[in-house]
Each structure stands twice: as structure tokens, then as C-alpha cells.
Amino acid sequence: HSRLRVILDTPPSTISWINEDMTYEGVNIALAQGCGLEIEDFPGKTIGFYTKNKYFYNFCELLFQSPNETLFQELETVMQEEQKRFWVHGTKYDDGKKAVLIGIDITELKNMEDHISFTEKLSALGEMVAGIVHEINNPLMVIDAKSNRILKAIANGDTDKVEEAAQKIQDTGKKIASIVRGVKSFVRHGNQDPMVEFDLYEIIKDAYSIVEGKLKKVNVTVEVDDALAGTIISCNVTHIFQVFVNLMTNAADAMEDLPHKWIKIGGKIVDEKLYIHVTDAGTGIPKDVASHIFESFFTTKKLGKGTGLGLSLVKRIMEDHGGDVTIDGEAENTTFIVTFPQAA
């Protein structure tokens, strides 16, 4: 027994063995210390009793309900008032009546990844600034011109021209608001944002507004299918916005050496699932690259051009939404398929 206890307590991982009635049978010292408790405090207690959220409890429920012997998942929790992130692996035994959970603390790794991701965002924003300023400057010039026209039209009593110029100013103001909204969404973390019902078409258009200047500079045209208008999804708006910013900028970087550069975004609903196709002028992704492309820190870009977190972030966001992002290996051009579980 003492030898077994040494084996269990030596690894830095948390280890617990649980019953199908959702109680602890025992834990190792790493889990007890992480919770600020003693090993003796756990047997018979409900799984996850030491934290306010029910993520570990829900994970164990899924494990016991699953037809598979093992289950793994990335989970967040609060231990001793500190936000923690774990990679948890559960394995059932004793005819599925009991299970062993092993948790690896990946908090520091995730914090580093988030920091690099945010730094990369700021760097990307720096690249976009010239284009954003240009895209805002043009509408401001339009507003200035139309304001002068209104003043002249009022002086001449020409109400039709006043109405026409006022409408143009309103439309142009919306364009500027979209760009500003895009910048704010791009730099926000958004992890605490609630899931809301929102028009996916508007999210994609806002995402395009922030990258429009950069894409125009490298001669990339973007076409968003208007048929997507009114497609309502349940989502974290900030995160889905970032999905499409990443996919469009990624496509633009991949087409750097092509003579004709374009991106087309369209979609369809099949069996209540929404499939969005983001297609560019590229001729596909090699299989050896495609198999790693969604991994953190994997990149095919030149040194200093990126950290390889963009597509892994897209993958994680879509999985958090109950969806996915995949590569269409059969398409003639490079195509990413973004899947949402349902849409109205």
C-alpha cells in the first residue's frame, strides 16, 4: 500500500479514483494540495465539491454515460481562488462502475499561448493600421463633401439633394462604426462574453471591415454571399468575429505569390447544421501540412510572419461552440469548412 501511495503521489499530475455514484473513492496528494485540503477530505464527497463550477462533475457524468472506456477534455476550474486549466483523462474500470481521472495542469502553457496570441493580434493590428486609417479617411472625406453639399442645398431650397446627401452621410457613418467595432472586437479577449443570437452575415462583414485595408493593399478581393444575410447563430460574437479575421488574413498570406488573389465566403444548411465555406485562389493544402495545420505553434509562414496560433485558435473556438473547422480535401481551391451545430 505504501509503495502504491508513493507511485500515486510522486507525479505532478492530479489523480483521483471515483465511483459511478459521482463520489470520490480517493485522491493523490497533488489534487489535495491543489485544493488546499487533506487526502482524507475527499472519500465519499461529490466530485468537484471544492469548486463552484460543475465542469469536473459534468465530465465524469459524460465518462460514465459514454460507450467508450476513456474520455479526455480540456477543463477550466477555480482552485483556491485561482483560475486553473487542466487536460483531464478519464478511464473506466470494474465493468464501468469506477474510473480513474488524471489531470495535467496546463495553466501556464495556456497563459503563455494566450499572451503570444494577444501579442500576435497587436502585431497584426499594427500591420493593418495603415489600411484601417485609409478606410476611415475615405468615408470622412465623403462626409465632409456631403456636409458641404447639404449646406448649399439648404441655401438653394433643394430638399431632394439634402435628403440624398444626408442618407449618404448616414451610410458612411455606419461604415466607420463597423471599422471601429471591428478593431474593438479584434483586440478583445471575449472569454467572459455570453452566448447570444446574432446574424453571422453581420459578423463576417465586420471581420472584413478590419482586414479590408490590408487585403486591398495586396490586391485580394473578397466576396461574401449575400444569401447569408439573416442567418442567425448562437455564439460568442467576439470569438466568431476572430475566427473569420484569422481565416481571411491566413488566406491572404497563403496567396502571397499568386497573380490573382480572391476569397469567397458562402454557406449552406444541411440537416440543421450550418456549413460556411471560406475558399481562396490557392490550389489546396498538401496532406502532410493539412494533418498538422490546426496544431498550436505549427506554421508554414516565413520566419517572423506568424506564431502558428491562428488556426489552432479557430479550431478551439469552433469546438467550444459545438462545431468544427476542417479542410475540404476534395475542393479545387483551398477551402476551409466552418461548421456550426445549428442555424436559423
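Me: Two strands pair if DSSP finds at least two bridges between them; over how many bridges do E4 and E5 pair?

Reply: E4 and E5 are joined by eight bridges and pair in the antiparallel sense. Helices (H or I, at least four residues) and strands (E, at least two) are DSSP runs, numbered from the N terminus. Residues are numbered from 1 along each chain as its sequence is written, and side-chain values use heavy atoms, with hydrogens and water left out.

Me: Which residue is the bridge partner of valine 88 in E5?

Reply: Valine 88 has glycine 103 of E5 as its bridge partner. The E4 and E5 hairpin leaves four residues between the strands, and aspartate 94 there takes a positive phi near 55°.

Me: And the sheet they form part of: what is the order of its strands?

Reply: The order is E2-E1-E5-E4-E3, an open sheet of five strands with antiparallel pairing. Strand E2 (23-27) and strand E3 (70-79) are the edge strands, each pairing on one side only. From one strand to the next, the twist averages 30°. Axes are lines fitted to C-alpha atoms, for helices over the stretch in contact, and angles run from 0 to 180 degrees between N-to-C directions.

Me: How many bridges join E3 to E4?

Reply: There are 10 bridges between E3 and strand E4 (residues 82-93), and the two run antiparallel. Phenylalanine 72 stands opposite histidine 89 in E4, and threonine 70 is opposite threonine 91. The hairpin of E3 and E4 has two residues between the strands, with glutamine 80 in the turn at a positive phi of about 50°.

Me: Which helix packs on that sheet?

Reply: Helix H3 (residues 55-65) does, touching strand E1 (14-19), E3, E4 and strand E5 (98-105); the direction of H3 makes about 165° with that of E3. A contact means heavy atoms within 4.5 Å.

Me: Changing topic: what is the order of strands in the sheet with mixed pairing?

Reply: That open sheet has five strands in the order E7-E9-E10-E12-E11. E7 and strand E11 (324-327) are the edge strands, each pairing on one side only. Neighbouring strands are turned by 20° against each other on average, direction ignored. E11 and E12 are antiparallel over four bridges, and threonine 326 has isoleucine 337 in E12 as its bridge partner. H6 lies across E7, E9, E10 and E12, and runs at about 170° to E7.

Me: How many residues does the largest nonpolar core have?

Reply: The largest nonpolar core has 43 residues; Ile240, Phe244, Ile263, Ile276 and Phe340 have the most contacts inside it. Elements that each supply at least two of its residues include helix H6 (200-217), helix H7 (237-254), strand E9 (261-270) and strand E10 (273-280). A second, separate core of 22 residues has Val27, Ala32, Phe64 and Phe86 among its members. A nonpolar core is a set of buried Ala, Val, Leu, Ile, Met, Phe, Trp, Tyr and Cys residues joined through side-chain atoms within 4.5 Å. Buried means under 20% relative accessible area, exposed over 50%, partly exposed in between (1.4 Å probe, protein chains only).

Me: Which residues does isoleucine 276 touch?

Reply: Leaving aside residues up to four places away in sequence, isoleucine 276 touches residues including Leu200, Phe244, Ile265, Phe336, Val338 and Phe340.

Me: Is threonine 231 buried or exposed?

Reply: Threonine 231 is buried, because its relative accessible area is 9%. Threonine 231 sits in the loop between E7 and E8, and its side chain reaches the backbone oxygen of leucine 228 at 2.6 Å.

Me: Where does glutamate 295 lie?

Reply: Glutamate 295 is in the loop between helix H8 (287-290) and H9. With a relative accessible area of 38%, glutamate 295 counts as partly exposed. The C-alpha atoms of glutamate 295 and serine 312 are separated by 5.4 Å, although the two are 17 residues apart along the chain.

Me: What pLDDT does the protein chain average?

Reply: The average is 79, and 74% of the residues score at least 70. Over residues 302-309 the pLDDT is below 50, and this stretch has 19 contacts in the model beyond near neighbours in sequence. Where pLDDT is low, the predicted coordinates should not be read in detail.

Notes:
This is a predicted model: local features need pLDDT of at least 70, side-chain atom pairs count only at pLDDT 80 or more; totals for chains, interfaces and linings use all residues. pLDDT is the predictor's confidence in each residue, from 0 to 100. Two strands pair if DSSP finds at least two bridges between them. A polar contact is a pair of N or O atoms within 3.5 Å; within protein, one must be able to donate a hydrogen and the other to accept it, and residues adjacent in sequence count only if both atoms are side-chain atoms.
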